[in-house]
Every structure is written in C-alpha cells, then in structure tokens.
Amino acid sequence: MKKVVLTLVVLVAAFPAAGLLSVGVLMSPAAIAACLSSTSLTVGVVPESLTATMQSGATVTLDHQQLTHAATVITVGAQTEGVGRSGVAVALMAALTESRLRMLANSSAYPESADYPNDGEGSDHDSLGLFQMRPTAGWGTVADLMDSDYQSKAFYGGPIGPNYPSPRGLLDIPGWQSMDPGEAAQAVEVSAYPDRYQDYRPVAEAIIAALTRRAPTTAEGVPLDGVPESTRLVFPLPSGTWVNSDDFGWRADPYTGEPAFHSGTDLAAAEGTSIFALADGVVSYAGLSGGYGGLIIIEHTIGGQRIASAYAHMWQYGIYVTAGDRVLAGQHIGDVGSSGKSTGAHLHFEIRPGGTTSAAIDAEVWLAEHGVENLDATTTAALCTAGQAA
C-alpha cells in the first residue's frame, strides 16, 4: 500500500477527512484481522479458568473444559484458510452465546447423544454441541455434532467444510469480513435472537488473548525481546470519524481550570469507533490505569528505535488485547470510550520515544513527520500485503 504523508498539521486538525486521504487498496479492521497468519493463533497452555467482562458489564467465568473447547475452535480456525483472528472471534462469540462453550447433549431429541462425552444437557429443539447445530438442518449426524473438532469445521465452512455448500458456514457468507461480528455469527446460526452475540465479543477477545502464545515480558508488561521492526504506520482512527479536540502541552485542566500539562493528542470520536494499532508491535499494557481509564500501550521498533504508542479512555469491555499480545499495524485493538478522567468520548493518543515508561512527545508533530496510512472502516480488500504477515 502507498503511504500518505501528513505534511500540513493544521490541515489535518481542521479537515481530518481531507488531511488523511485514502489511497490504494484500503482494508477494514475485519479484513486486516482476517489476514493475520495462523502463527498468531497458536494455542499455548490452557488455563484452569478465565474470568472476563461482557459488553453489558456482566462477568463470566469459564472453566478448563470450556477453555479446552475454545482451544479447539481457535486451532481449527488457524488451520482453515481465510478465517484468521476475526473469524475465530466470531466463532467463539457464537459458541459462547449458544452453549457457553459446552458440549451439550440433547437426550430428549436424541437419546444416543448422552452416550458421547458431553458437558451437560441442552433442550433447544434438536440442537447439539458447542454451536447448537441441528441434524435435521443438515449440519451432520449426532456422532458428528458431538465432536468439537467437527462442529468447528462446520461453523467455519468453506469449500473444504464438511457441510459445504449447505448449510452455510462463516466462509460461505459473502462479505462476512465487513459485517459486525455479531451479525456474522447470526448469519451462520440464524438464531431467533440475533442481538445476543455482540455481548460476548470482549469475552471472545479475552479467550484468544489468554490461550494464544504471547511475547515474553517483564512483570510490568514491557517486552523483553522480539519487538518487530515496523515499516508500516497506520493512523489510529478511521478516516472521517474524528476531530482534533485538544493538543499536547500546557492547557487549562477541564476539571479544575488550573494550568496542567496534557501529554497526548485528543481525537474526539463517537463511542465505539474502532481504534487501530499504529504499527506492528507487542502490547506492554492493557487495562485500567487511573486517569487514563482503559489504556493500551504498544511497543514498536520504528527506524531502529524503540517507540511506544498509547491509547486511552476505552471502557474495559472495549479493550481487545492483553499484555504480551503481538499486534499488526492497523489491527483493531479497542473501541473509543470515555473512561477515566474524560469529559466525553475520545481517544487520547501518545507517542513515547524510548518505550512504555518514557516521556511522551507531541504525537501530532511526530505523525506529521512520518508516513501514515489512513484506513477506511467501511472498505474491505481480499488481498493481504506483506506488511500484514506475522
């Protein structure tokens, strides 16, 4: 892809859509995520349990058996061409919603289903297993659907799927990459309750982060090694979604009115707007942090130098990465929120030369001195560039 150089800082601040024109082939967050190589989805040690927060704010705790099923869903997705991280997230959202990641028998419809290893009984028509698939709908036999590997392959579908061409799996849904993940899950499941899936999105992301291998870090989360050199830089918000609402430097504190130093650039955007990783890197921090609210810090190597980028004020459920995760330039890492010391929905963005614990500089000036791409969140592309290969 071509790069767009930000040469006029004033133009960018006043006319964001004009200052960051899109060129070449633009990719949505879903398309970028689908381009992640399977190496970023290699399952490591499956933990005994995991507690995560749903989008509604409720918490859910998954046990080792549920996480083992999740590991199967991830592994099958990693081995299925065209699925990528985004497709795995959709599958996990579906399985969490349908069965809470449990292999459910259904003795009332199929007495023999109880003879297979299971995690309990379900009672939704003649549905079985993790994804509550129905033999009468053509998904497979009872024996097939009481197997998590088979069900995962069926959910992903595609030309090599066991159910091809019908019923349709995720890969058989035209344009699934550009859909909302909840809508994509519904397109496969065809549920009577289509709005349920989105609530599990942060849980699915937490599962992927917890089960896949991550880079080694210090106790504080700072990467020990392996921070990749990144030649691709991506503006942290989609084109046309933001306005510059505050600059780096001294200002009147919005709460006290007293002079205070502002260490970042504020980009006002609607709550839920996608936040993109600036460059390839390793997440050194992801969680709540005082006045920053929901904070993500990513370490990069740019021009041979260690650089950290920081993204603040997300709601906790709007953080989709965890410390140690390897990310790619343009990867959807979180959503705009208004947590912490914030007076409205916006992204507080920082650049820290030297790494996570170093002082921030003026991010707007830094971006103006470097080439960045602008991503259009509504545009997809089928082709992954070399810069998106892990």
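Which residue lies over the face of tyrosine 197? Select residue 197 in this predicted model and look above the ring: arginine 196 is there, at 5.6 Å from the ring centre.

Next, bring up the sheet. Seven strands make up an open sheet with antiparallel pairing, and you can trace them in the order S4-S7-S14-S11-S10-S9-S12. The edges are strand S4 (242–246) and strand S12 (326–327), each of which pairs on one side only. Stay at the S12 end and select S9, residues 281–288. S9 and S12 run antiparallel and share two bridges. Look for glycine 281, which stands opposite valine 327 of S12.

Now for the rings. The count of aromatic pairs comes to six. Select phenylalanine 235 and tryptophan 242: this pair is stacked because the ring centres are 4.9 Å apart and the planes meet at 25 degrees. Phenylalanine 235 is buried at 3% relative accessibility, and tryptophan 242 is buried with a relative accessible area of 3%.

Move on to phenylalanine 248 and phenylalanine 261, an edge-to-face pair with 5.1 Å from centre to centre and 90 degrees between the planes. Phenylalanine 248 sits in the loop between S4 and strand S5 (249–252), while phenylalanine 261 belongs to strand S6 (residues 259–262), so the pair ties together parts 13 residues apart in sequence.

For a last stop, select Phe131, Phe155 and Tyr156, which ring pairs link into a cluster.

Methods. Residues are numbered from 1 along each chain as its sequence is written. This is a predicted model: local features need pLDDT of at least 70, side-chain atom pairs count only at pLDDT 80 or more; totals for chains, interfaces and linings use all residues. Side-chain values use heavy atoms; hydrogens and water are left out. Two strands pair if DSSP finds at least two bridges between them. Helices (H or I, at least four residues) and strands (E, at least two) are DSSP runs, numbered from the N terminus. Rings of Phe, Tyr and Trp (its six-membered ring) pair if their centres lie within 6.5 Å; planes under 30 degrees apart count as stacked, over 60 as edge-to-face and the rest as tilted. Buried means under 20% relative accessible area, exposed over 50%, partly exposed in between (1.4 Å probe, protein chains only). A charge sits over a ring if NZ of Lys or CZ of Arg is within 6 Å of the ring centre and within 35 degrees of the ring normal.
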